[in-house]
Amino acid sequence: AQDNTTNVNQCDYAAPSSTARFDNPSRGVMDSSGNLYIADTGNNKIRKVFPNKLVGTVAGTGTFGAMDGNADTAQFNGPTDLAISSTGMLYVADAGNDKIRVINLSAPRTDANFVKTLAGGHTGGGTCNGLASATCNDGTAVLAQFSSPKGIALATTGEWLNVLDSGNNRLRVVNISLRQNNANFVRTLAGGHTGGGTCAGNPLPTCNDCSPGTCPSGNDIEFNNPTGISIYRTTGGTFDYVLIADTGNNMIRRYNAGAAGSVLIRDIAGGFHTTGGTCAGIPSLPTCNDGIMTDAQFNAPTDVELYISGSPAVGRFYVADQGNHLVRNISAISFYTSTLAGDTNPGYANGPALQSRFNNPTGLISDQAGKFYIVDKSNHVIRLLDITASPVVSTYTGTGVAGPQDDHNSGTTCGA
């Protein structure tokens, strides 16, 4: 993404990290210059954290609503996730408005088109991937209908915006390379099945897998309130993998609509083990277990991201395990899940990773260099998990007190 570090158009006045406040933030994204953008859900705002830790507001009045417009008049309603393009377009999962919004970071904050609705707003239902639905509809931007879209991620090519339509239990896509009046602007890729089925070979009441030979349309896949999403492509690969935190199924899954004959969806970890166990050496836990594939147990995971490190390169999937108040990681080779940070008790403590405490961590943002910014929702702060040496957790920004942002009239302009 473009470097907006010194562009005062991109937020109003900024506050230092010692006084800035968030209210139940959900997830966020980092641009190529190291700026963090945070969906400040409870404040109905989109915030920006500069590398010098100043915090400002990009857009939103703070009052919930659906109005498009300039930065100071636009409204959001419980925004939950963000994605950023290489051209400086910031996409917003505006869950409470059942819409996908877009912020043009290249425009002045005073521009009437600084915040626009990209898709959504239709009511009355319709059809998604050919299935009739009371709350879901594919089609043009204005005819598209979502139900609490909570997760978004751009395809590696930048032309597709993948959307977890959480209330509809579907994976949707917005083709931003098309005009908004194109009938294929919003489509459904997977989901729509109800009644349960089989996941990873195990019977489950709200989960179902399939392969191209059994459900080429993806309609037989079943999710349960999927929330977190990220996308990657293997070196030399020709298609994307979509990582999904299937929150209600307590499972990490991977969708692939690429190579012919490949598995359409794969269950990487969790979902079947429900009797608790041991995490990070702590025994007798009711909702947590480290282990391989379905022997692992999560409790409402809400975000997942791939991080590759080492030589030879080794990939691991990092997970915000919200209900267990942990950061977990999964080997991309063995699919063994282990616990990286937190001690399963809700709280607020910094220090060595396994002695730290979180309170409903909902988001992970990686700089792909060994640092993870943890959106610690119920502590109302952004934490830093540094794994470049012995893993350690610190507070990156926020006071830990919920409330309206404290970045107005502070006397410091953004980027100063």
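This is a predicted model: local features need pLDDT of at least 70, side-chain atom pairs count only at pLDDT 80 or more; totals for chains, interfaces and linings use all residues.
Buried means under 20% relative accessible area, exposed over 50%, and partly exposed in between (1.4 Å probe, protein chains only).

Residues are numbered from 1 along each chain as its sequence is written, and side-chain values use heavy atoms, with hydrogens and water left out.

**Stop 1: the disulfides**

Select the cysteines. A search of the whole structure finds three disulfides, each a pair of cysteine sulfur atoms within 2.5 Å.

Start with C128 and C136. Their sulfur atoms are 1.9 Å apart. The torsion about this S-S bond is about -95°, so the disulfide is left-handed. C128 counts as buried at 0% relative accessibility. C136 is also at 0% and buried.

Go to C199 and C207. Here the S to S distance is 1.9 Å. The link is left-handed, with -95° about the S-S bond. C199 has a relative accessible area of 1% and is buried. C207, at 0% relative accessibility, counts as buried.

Finish with C279 and C288. Their sulfur atoms lie 2.0 Å apart. A torsion of about -100° makes this disulfide left-handed. Both cysteines, C279 and C288, are buried.

**Stop 2**

Strands here are DSSP runs (E, at least two residues), numbered from the N terminus. Two of them pair if DSSP finds at least two bridges between them.

Select 149-154 for β11 and 186-191 for β14. They belong to an open sheet of four strands, ordered β11-β12-β13-β14, with antiparallel pairing. β11 and β14 stand at the edges with a single partner strand each, so one side of each has no neighbour in the sheet.

Now take β12 (residues 160-165) and β13 (residues 170-175). They pair in the antiparallel sense over six bridges. Click L161: its bridge partner in β13 is V174.

**Stop 3**

Select residues 371-376, strand β30. Five of its six residues are buried, so the strand is largely enclosed by the rest of the structure.

On one pairing, β29 (residues 361-366) meets β30 in the antiparallel sense over five bridges. L364 stands opposite I374. Four residues lie between these strands in the hairpin, and Q368 takes a positive phi near 60°.

β30 and β31 pair in the antiparallel sense over six bridges. D376 stands opposite V381. This hairpin has four residues between its strands, and H380 in the turn has a positive phi of about 60°.
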